[in-house]
Amino acid sequence: MTKQRQSAFIRAIAADNSLPIEKVALELWIKDLDNPFRWTLRPILQLFFALLLHLTWFLKRLPFPQFSGHTLLQKMICWFCKNLVSPEANLLILRHFATESNVLNFLSENSGKSVFVDLYPKCVDDMLHDTFVKHDQELFDAFYHLGDAKEAEYKPRSALTWQRWQAIDMQDFQLERKASQVIDFETAHALFMCLFCFLLKRDEYRDAINGFNLDQSIAIRIGRIIDKPEIVEMAYNKYPHYLVGPWDLSQRFLMHGFFTEYLYAELEQIRKPEACTNKSKASEQQA
């Protein structure tokens, strides 16, 4: 999208840095917004798949024997990504695993815990091995072991630890680009959400779509550690004690993605000066 074609609003959000987000992530999203399928195909597919999702949700809640197909789910999603989903959307998906892994690892190690997440796929094929399901389960496990939120106390920047942090380098991602990769991020999610509901057990799916609401809890804990309670405002998904169904799922999913990007960028801004300071100290010690 050239600046000449951008609307006044798009130019405004492209220039605004009130919310922390890395420039590369913002550029990927703005390019995704210009995808013609987002404004033509997506509304139709979202309406159709939203109806199908609610029907699938209803059927899965009936007292029938439960089944799941994690391997099939992984293979189908990866096939869609490699053949139909746009490069921009694929990169945003890959980034999401890294941003959330970093956020959870930062929270864990700066809360004195040793439960870490190691989901840092570099290409679509890396997501074949139970990544999507594991992503949710590791989030829940990390929270189970975090303990009392009151233990999340302020730490001066020099005392923060970043040993499990893996800064995102876009050059590390490997994508085989195909002419058929044209579907935008939100349309891709509309295609995926019914697969998730159908190929997960009912409680697995219910837990997965409610996991977004832990965003508020993550923000509260990290806000205490870095003495920035205002970052709670970045969390769109809130109140994990109230379980919800699949309505508004696409928006909640998207806002969860933005939240992790915001929080990753906020923490990276804190980490970089600290990394430079540590590097200087190490050089002084060697001298």
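Biologist: Hi! Before we dig in, what kind of model is this, and which pLDDT do local features need?

Modeller: This is a predicted model, where local features need pLDDT of at least 70 and side-chain atom pairs count only at pLDDT 80 or more, while totals for chains, interfaces and linings use all residues. Residues are numbered from 1 along each chain as its sequence is written, and side-chain values use heavy atoms, with hydrogens and water left out.

Biologist: Great, thanks. How many helices and strands are there in the protein chain?

Modeller: The protein chain has 11 helices and 0 strands. Helices (H or I, at least four residues) and strands (E, at least two) are DSSP runs, numbered from the N terminus. Read from that end, the order is α-α-α-α-α-α-α-α-α-α-α.

Biologist: And what is the radius of gyration?

Modeller: For the protein chain it is 20 Å, close to the 19 Å that the globule rule gives for 287 residues, so the chain is as compact as a globular protein of that length. That radius is taken over C-alpha atoms, and the rule is 2.2 Å times the number of residues to the power 0.38. Along its principal axes, the C-alpha trace spans about 65 × 50 × 35 Å.

Biologist: What share of the residues is buried?

Modeller: Buried residues make up 50% of the 287 in the protein chain. Buried means under 20% relative accessible area, exposed over 50%, and partly exposed in between (1.4 Å probe, protein chains only).

Biologist: Now contacts. What percentage comes from residues 24 or more positions apart?

Modeller: Such pairs account for 85% of the contacts in the protein chain with a separation of 6 or more. Contact means heavy atoms within 4.5 Å.

Biologist: Nice. Switching to cysteines: how many disulfides does a search of the whole structure find?

Modeller: The search finds 0 disulfides, a disulfide being a pair of cysteine sulfur atoms within 2.5 Å. Cys78 is in none, and its nearest cysteine sulfur, that of Cys81, is 6.1 Å away. Cys194 is in none either; the nearest cysteine sulfur there belongs to Cys197, 7.2 Å away.

Biologist: Is Cys78 buried or exposed, and where is it found?

Modeller: Cys78 is buried, with a relative accessible area of 2%, and sits in helix 5 (residues 70–83). Not counting residues up to four places away in sequence, Cys78 touches Val124, Met127 and Leu128. Cys78 and Leu128 are 50 residues apart in sequence and 6.6 Å apart in space, C-alpha to C-alpha.

Biologist: And Cys194, buried or exposed?

Modeller: Cys194 counts as buried, at 8% relative accessibility.

Biologist: You mentioned Cys197. What is Thr56 in contact with?

Modeller: Leaving aside neighbours within four places in sequence, Thr56 is in contact with Cys197 and Phe198. Thr56 is in helix 4 (residues 41–61) and is buried, with a relative accessible area of 11%.

Biologist: Let's jump to Leu249. Where does it lie, and which residues does it touch?

Modeller: Leu249 lies in helix 11. Beyond residues up to four places away in sequence, Leu249 touches Leu53, His189, Met193, Tyr205, Ile209 and Phe212. At 4% relative accessibility, Leu249 is buried.

Biologist: Now loops. Where is Asp227, and what is its phi?

Modeller: Asp227 is in the loop between helix 10 (215–226) and helix 11 (249–286). Its phi is near 60°, a positive value in a residue other than glycine. Most residues other than glycine have a negative phi. Asp227 is exposed, with a relative accessible area of 51%.

Biologist: What about Tyr239?

Modeller: Tyr239 is found in the loop between helix 10 and helix 11, and phi of Tyr239 is near 60°. Tyr239 is exposed, with a relative accessible area of 57%.

Biologist: Last one: which residues does Ala167 touch?

Modeller: Not counting residues up to four places away in sequence, Ala167 touches Tyr264, Glu268 and Arg271. Ala167 is in the loop between helix 7 (131–146) and helix 8 (185–199) and is partly exposed, with a relative accessible area of 38%.
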